[in-house]
Amino acid sequence: MSALYFDSASTTPVDADVVAEMIDALRAGLGNPSATGHSYGRAAAQRVESCRRQIADEFGCEPDEVIFTSGATEADNLALAGVAHAHADKGRHLIVSAIEHRAVLACAEQLERDGFAVTRVKPDANGVVAPAAIAAAIRPDTLLISLMHTNNEIGVIQPIEAVAELAAEAGVLFHVDAAQAVGKFEIDLGALPIDLLTASAHKLHGPQGIGCLILRNRRLLKLAPLMQGGAHEYGLRPGTLPVHQIIGFASALRKAARQRAHDLAQVTAVRARLLDTLSVEADPDVVVQGAAAPQRSPYILGLSFPGLSSDALINQLDGQVAIASGSACSSGALEPSYVLRAMGVDDPLLYGAVRVSFDRTHSIEQAEEAARRIAAAVRIRQLMQESG
Ligand SMILES: *Cc1c(COP(=O)(O)O)cnc(C)c1O
């Protein structure tokens with residue numbers, strides 16, 4: 001019996017068509033896309049620019065607003081640190097939500113050490129960050145608001161449109177970490193006043209190690225690069241572009257956009273079947289985190305089993321279902337999820353949190369089988385706790 005993979009929010013299997021395109025690209029003997037003095041380099045540059053156009057089309061932005069990075073972590077860092085350091089003369093305050101990905105939160109902490117002030121806005125009990133709470137945090141010296149599209153632990157979708165509008169009105173830049181949303185939901189930057197947007201290929205069946213920061217109005221909006229080394233990506237991100245990775249990213253995004261409605265419907269059904277099976281077979285007390293949020297992604301399910309430790313459950317499931325723990329082990333101690341803590345989740349639920357996440361490759365049968373295995377593991381652990 002091999003483990004059923006239900007940790008798609010951490011990474012998705014690379015699509016077979018994407019793999020084929022990447023292998024073709026690796027075998028094609030392409031040059032360095034910066035070496036445009038010869039045909040090898042020009043062929044590589046043409047492939048990169050064609051991908052850049054395809055990616056821009058998906059977001060409704062201009063090709064020269066796509067800055068390739070190593071993934072979402074780097075794009076988040078480039079957005080926050082890049083804006084802060086380039087505009088420090090205008091202000092030294094940033095607003096982030098308390099439930100951002102660690103890439104945003106850790107970068108914000110570093111900026112505090114560098115002399116910037118950061119306000120962390122908490123979500124409500126459903127994991128939703130209220131636009132009014134963000135508006136209340138804006139100061140005259142606020143440079144940037146950073147709010148994720150879809151939370152990576154509980155799948156709650158944030159009120160991006162409302163915050164984009166209030167940020168634009170206040171003249172504050174707006175960054176959206178959309179790593180869990182790109183490909184899955186349509187994001188039209190032509191209609192939404194978002195200034196910076198983070199994406200990562202491996203969350204949408206593309207390769208690991210490639211993503212981008214979309215930088216609207218690149219010619220007007222100054223950004224400080226994280227690294228020095230060359231004029232690549234308009235001087236914002238030096239280093240030779242990984243052509244095969246970029247080809248894989250564009251290919252994955254095209255496919256995701258083409259199948260968006262189909263995938264969403266399928267994942268919605270798969271997730272519903274897993275939940276149904278789980279509540280019939282297991283613990284009637286299973287809690288879905290953020291259940292009452294107005295908008296949630298069907299791709300991510302944050303579950304809590306009252307009184308159960310998530311680590312005990314994950315150990316019990318080892319080799320049967322691959323899911324993520326809602327808590328992290330830092331310096332030997334079990335730390336509950338900062339997302340659930342910020343939502344005000346109480347102790348019995350806080351330590352029994354796990355994340356089950358889905359992708360287009362999952363079948364209804366796999367969801368049923370995963371739910372049965374999780375239910376059995378929950379029962380075993382509960383019996384063990386009762387007896388001892
Ligand atoms: C996965 C993820 C990241 C990090 O992405 P990488 O490409 O692995 O660096 C950042 N933010 C969110 C919301 C994510 O889900």
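1. Strand 12 and strand 15 pair in the antiparallel sense, over two bridges. Two strands count as paired if DSSP finds at least two bridges between them. Strands (E, at least two residues) and helices (H or I, at least four) are DSSP runs, numbered from the N terminus. A324 has R355 of strand 15 as its bridge partner.

2. A word on the basis. This is a predicted model, where local features need pLDDT of at least 70, side-chain atom pairs count only at pLDDT 80 or more, and totals for chains, interfaces and linings use all residues. Residues are numbered from 1 along each chain as its sequence is written, and side-chain values use heavy atoms, with hydrogens and water left out.

3. Four strands make it up, in the order 9-10-15-12, with antiparallel pairing. Strand 9 (287–288) and strand 12 (324–325) stand at the edges with a single partner strand each, so one side of each has no neighbour in the sheet.

4. Aromatic pairs come to two. The rule takes rings of Phe, Tyr and Trp (its six-membered ring) with centres within 6.5 Å; planes under 30 degrees apart are stacked, over 60 edge-to-face, the rest tilted. F6 and F358 are edge-to-face, at 5.7 Å centre to centre and 80° between the planes. F6 lies in the loop between strand 1 (4–5) and helix 1 (16–27), and F358 in the loop between strand 15 (353–357) and helix 12 (364–387), so the pair ties together parts 352 residues apart in sequence. Both F6 and F358 are buried, meaning under 20% relative accessible area; exposed is over 50%, partly exposed in between (1.4 Å probe, protein chains only).

5. F68 and F249 also form an edge-to-face pair, at 6.5 Å centre to centre and 70° between the planes. This pair links distant parts of the chain: F68 is in strand 2 (residues 66–69) and F249 in helix 7 (residues 243–258), 181 residues apart. F68 and F249 are buried.

6. Charges over rings come next. The test is NZ of Lys or CZ of Arg within 6 Å of the ring centre and within 35 degrees of the ring normal. The charged end of R92 sits over the ring of F116, 4.4 Å from its centre. K184 lies over the face of Y299, 5.2 Å from the ring centre.

7. The disulfide count is zero, with a disulfide taken as two cysteine sulfur atoms within 2.5 Å. For C107, the nearest cysteine sulfur is that of C212, 17 Å away. The closest cysteine sulfur to that of C212 is in C61, at 7.9 Å, too far for a bond. C107 is buried at 5% relative accessible area, and C212 is buried at 0%.
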